[in-house]
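Here is a short briefing on one protein chain. Please look over the sequence and the structure before reading on.

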Amino acid sequence: MSAPRRLGVLGGTFDPVHLGHLVIASEACHALDLDEVLLVPAGIPWQKHGRVAASAEDRVRMVELAVAGDERLRVSRVDVDREGPTYSIDTVRDLRRLHGADTEIHLLVGADALAGLPTWHAVADLVTDVVVVGIARPGHAAPERPEGLPADHFVALATTPLDISATALRARVRDGAPIRYLVPTAVEAHIRAHELYGAAA
Ligand code: ATP
Ligand code: MG
C-alpha cells in the first residue's frame with residue numbers, strides 16, 4: 001500500500017481569492033512537505049451570514065483560474081456541493097472519503113480565523129483527526145496553539161507576510177481603485193467581466 005498522502009486544506013470564502021491565499025498555500029506546501037494543497041471555497045460560511053458577495057460558482061471559478069498551472073494547488077468543491085452551512089468537520093470527513101482514510105490532513109488556518117477555532121462546530125472531534133497549521137497574518141497576533149488542541153496536532157508557520165484581505169479588495173473594486181498585482185490577472189479579468197463587487201463594466 002502506498003504511504004498516506006500529506007494533504008493541505010485551506011478553507012475560506014475566497015470572495016475573491018488573492019495572493020495572500022496563494023502564498024500561504026504555496027509556502028505551506030513546501031515547508032510541510034505536502035503532496036498538494038486543496039483550496040476549498042465555503043458554501044454558506046456559518047460565520048459570515050449575509051456577508052458573501054459573489055456566488056459559489058464565481059468563487060470556485062476564480063480559485064480555479066488562480067491555481068491553473070500550479071500542479072501543487074487544487075480546488076475542491078466539497079463544501080459548495082454540500083447542502084447547508086459549511087463546517088470544517090464535514091469538509092474533513094468528505095475529503096477523507098475522497099482521498100482515503102489514511103490521508104494526513106493539514107488544516108491551514110490564518111491567525112485571525114485560528115482565534116475562533118475553539119468555537120468551531122464539533123471542534124474536539126475535528127482536531128483529533130488533523131494537524132492544524134496556524135499561519136501568521138499581518139495585523140493579527142502571532143498564531144498560538146488554541147486551548148484544547150494537543151501539542152502534536154498544532155504547528156505555527158510564518159509565510160511571507162502579505163497584508164491583503166478580500167474585504168479590502170471588494171472595497172477597492174467598489175471604489176474604482178486598482179487590484180492589479182493583488183490578485184492573479186485572470187481573477188481580475190473574471191471580476192471585471194462579471195461585474196462582481198460593483199465593478200464597472
Ligand atoms: P475576508 O476579508 O472576506 O474575510 P480573507 O482575505 O480573510 O477574506 P478568507 O477567505 O476569509 O479571506 O480566508 C481564508 C483563509 O485564509 C483564512 O484562514 C484566513 O485567515 C487566511 N488568509 C487570508 N488572507 C491571508 C493573508 N493575507 N495572510 C495570511 N492568511 C490569510
Ligand atoms: Mg477572512
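Is Val127 buried or exposed? Val127 is buried, because its relative accessible area is 5%, and the cut-off for buried is under 20%. Keep in mind that this is a predicted model.

**Val127 and its surroundings**

- Val127 sits in helix 5, which covers residues 123–127.
- Leaving aside residues up to four places away in sequence, Val127 touches Leu117, Val132, Leu149 and His153.
- His18 is 109 residues from Val127 along the chain. The C-alpha atoms of Val127 and His18 are separated by 27 Å.

**Nonpolar cores**

- In soluble globular proteins, nonpolar side chains tend to be buried together.
- The largest nonpolar core holds 32 residues. Val17, Val37, Leu39, Met62 and Ile191 have the most contacts inside this core.
- Another core lies apart from the largest one and has 21 residues. Among them are Leu95, Leu107, Val109 and Val132.
- Val132, a member of that other core, is also one of the residues that Val127 touches.

**Val37 in the largest core**

- Val37 is one of the residues with the most contacts inside the largest core.
- Not counting residues up to four places away in sequence, Val37 touches Gly8, Ala25, Cys29, Arg72, Leu73, Arg74 and Leu108.

**Overall fold**

- The protein chain has 7 helices and 8 strands.
- Its radius of gyration is 16 Å. A compact globule of 201 residues would have a value near 17 Å, so the two agree.
- Along its principal axes, the C-alpha trace spans about 50 × 35 × 30 Å.
- Of the 201 residues in the protein chain, 45% are buried.
- Take the contacts with a separation of 6 or more: residues 24 or more positions apart account for 69% of them.

**Surface and charge**

- The accessible surface of the protein chain comes to about 10,100 Å². Carbon and sulfur atoms hold 52% of that surface.
- The protein chain carries 20 positive and 27 negative charges. The mean positions of the positive and negative charges are 4 Å apart.

Terms used. Residues are numbered from 1 along each chain as its sequence is written. Chains are lettered from A and ligands numbered from 1 in the order in which they are written. This is a predicted model: local features need pLDDT of at least 70, side-chain atom pairs count only at pLDDT 80 or more; totals for chains, interfaces and linings use all residues. Side-chain values use heavy atoms; hydrogens and water are left out. Helices (H or I, at least four residues) and strands (E, at least two) are DSSP runs, numbered from the N terminus. Buried means under 20% relative accessible area, exposed over 50%, partly exposed in between (1.4 Å probe, protein chains only). Contact means heavy atoms within 4.5 Å. A nonpolar core is a set of buried Ala, Val, Leu, Ile, Met, Phe, Trp, Tyr and Cys residues joined through side-chain atoms within 4.5 Å. The radius of gyration is taken over C-alpha atoms; the globule rule is 2.2 Å times the number of residues to the power 0.38. Accessible areas come from the Shrake-Rupley method with a 1.4 Å probe; for residues, only the protein chains shown count as cover. Lys and Arg count as positive and Asp and Glu as negative; His and the chain ends are not counted. The place of a charge is taken as NZ of Lys, CZ of Arg, CG of Asp or CD of Glu.
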